[in-house]
Structure formats: structure tokens, C-alpha cells
Amino acid sequence: MTPWEAVAVLAAGIGAGTINTIVGSGTLLTFPVLLAVGVPPVTANVSNSLGLVPGSLSGAIGYRRELAGQRPRLLRLGAAALLGGLVGAVLLIVLPQGAFAAVVPALILLAVVLVVLQPRVARAVAARRARGDSRTGHPHGSWPLLVGIFLTGVYGGYFGAAQGVLMLALMGMLLDEDLQRINASKNVLALLVNGVAAVYFLFVATFDWTAVLLIAAGSVVGGQIGARVGRRLPPVAMRAIIVVVGLAAVVKLLLD
């Protein structure tokens, strides 16, 4: 990795840490950059998962005030997220590498669509709450939410782009809770998914350790940026960057 490539990976890590803390989908910045500097797809994916763990922790700490009183909820939903993340990580290693290379463009496109639709989902959730229509079934997560978090964890353990967007949408619609507190929960759940996947990968996968360290350092900084000042960034501009980078990654993967 050349010095300029290292700077690009570090910058992508900062951007990913910031975006993941605010909403999720930071992988759409780091994964394409790792591909661009020559890291093979599966190695890029596992290196990215491990590198983003410190950033997820940084973001969760940055939102610690909003986590107050959510321990029962995090224990309930966290178990589903952990199990899903482990299943997804196992699938990534067990399935042929060709399967990942074949499906990842579709996963990136799905993530891009989710990023584009996220504002509409947020407005729909807000409108539903304004009407007083909030049927949770359980204050800390009904069975539909538990299943949804598990499936999102499977997706996150396998690839991970925009898993935060999925979690926000699910909890926003199925929990009667303030969205900032939901975002704080999302950061912890994403940390659990990335963390359990990364621990599994440590024993069975090959990493690009330079990429891991650069993304880790950048994502820690980005996590604090996202928690403190990220809400002031223009959402439209941020989503536009994510969409452009994601589409560029799809084009690169299809042309290789």
C-alpha cells in the first residue's frame, strides 16, 4: 500500500466512523476504497469488519447519555444481534468466495437503495407516531423486532453495508422510543454484530492488517465526530457521497 493509498483508507475510515454513528452505511465508503487499493473482496470485507469495531465502540461511547435506562432492551435485542452476526460471519467463510463476489454487487445496490429511502422511512415513522399509532407489543422489543434484528445481524455479519439503516428503520417502527435513543441502541447493536463477526474472522480468515489498523484509527476519530458534530452535516450531501461511492464500487466489481 502506497502512502497515498494509506491516506485514502484512513480518510475512508474517518468517514465511515462518522456515518455509522449517525445512521449507518459507512462500509459503502471503506469497502470500495479497499477494493481500489487492491485488497481482494473477501479479505477487504473481513478487514473492514474488524477495523470498524473500534469506531462502533467510539460511537456508542459518544452516545452514552442516550443509553441511560436501556440495559434491558440492549440485553434482549443484543442477544439476537450477536447470534445473527455470528451466523452471517460463518456464512461468509463457509460459502465459496465466488458466491460472495457474485452477490456483493447486489448487496451494495440494496444498501444504496436503503440509504436513499432512509429519509422517507424516517418521515413515515414520525407521521405514525404523530397519529399515536405505535404498537410495540413489548417495551424492549416484540418478537417481530427480535427476528428483524437477528436477520439484520446475519446481513451485517456477512457484509454489513447499511445494517445501521435497517436497524434504525426496524426499531423506529416497532419501538415507542425517542429516535436519538434508538440511534444510541443501534450503535451498540452494530458494535455487537461487527464484534462477534470480527472475533470469528480472527480464527478463520486472512486480514490485511495495514488496512485494519488504518480503518480502526480513522473510525475511532469518526465515531467521535459523528456523536458530537455529525448531526450538523447536510444529510443530503452525506447521502449523495454514499450513493456515488457505492455505485462506483458496483461498477468496479462488475468490470473486474
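Reader: Which residues is F201 in contact with, leaving aside its neighbours within four places in sequence?
Author: V46, S49, A89, L92, I93, G157 and F207. Contact here means heavy atoms within 4.5 Å. Keep in mind that this is a predicted model: local features need pLDDT of at least 70, and side-chain atom pairs count only at pLDDT 80 or more, while totals for chains, interfaces and linings use all residues. Residues are numbered from 1 along each chain as its sequence is written, and side-chain values use heavy atoms, with hydrogens and water left out.

Reader: OK. How many residues does the largest nonpolar core have?
Author: The largest nonpolar core has 61 residues, and F201 is among those with the most contacts inside it, along with F31, F100, I108, I149, F159 and M171. Helix α5 (residues 97–130) gives the most to this core, 8 residues. A nonpolar core is a set of buried Ala, Val, Leu, Ile, Met, Phe, Trp, Tyr and Cys residues joined through side-chain atoms within 4.5 Å. Buried means under 20% relative accessible area, exposed over 50%, and partly exposed in between (1.4 Å probe, protein chains only).

Reader: What lies apart from it?
Author: Another core, of 7 residues, including Y63, L67, A184 and V188.

Reader: And A60, where is that?
Author: A60 sits in helix α3 (residues 41–62). Helices (H or I, at least four residues) and strands (E, at least two) are DSSP runs, numbered from the N terminus.

Reader: Why does A60 count as buried?
Author: Because its relative accessibility is 7%.

Reader: Let's do N187 then. Buried or exposed?
Author: N187 is buried, with a relative accessible area of 4%. This residue lies in helix α8. Beyond residues up to four places away in sequence, N187 touches N20, T21, S56, G59, A60 and Y63.

Reader: What about polar contacts for the N187 side chain?
Author: The side chains of N187 and K186 are joined by one of 2.9 Å. A polar atom of the N187 side chain also lies 3.5 Å from the backbone oxygen of T21. A polar contact is a pair of N or O atoms within 3.5 Å; within protein, one must be able to donate a hydrogen and the other to accept it, and residues adjacent in sequence count only if both atoms are side-chain atoms.

Reader: Switching to S47: what is it in contact with?
Author: F207, D208 and V212, leaving aside neighbours within four places in sequence. S47 lies in helix α3 and is buried, at 0% relative accessible area.

Reader: Now the outside. Which residues form a nonpolar patch on the surface?
Author: V199, L202, F203, V204 and W209, with about 540 Å² of accessible area together. Helix α8 (residues 179–204) supplies the largest share, 4 residues. W209 is in helix α9 (residues 209–228) and is partly exposed, at 46%. Like charges are joined within 9 Å, nonpolar side chains (Val, Leu, Ile, Met, Phe, Trp, Tyr) within 5 Å. Accessible areas come from the Shrake-Rupley method with a 1.4 Å probe; for residues, only the protein chains shown count as cover.

Reader: Last one: how many helices and strands?
Author: 10 helices and 0 strands.

How values were computed
Patches are made of residues with over 30% relative accessible area and no salt bridge: like charges are joined within 9 Å, nonpolar side chains (Val, Leu, Ile, Met, Phe, Trp, Tyr) within 5 Å. A salt bridge is a side-chain nitrogen of Lys or Arg within 4 Å of a carboxyl oxygen of Asp or Glu.
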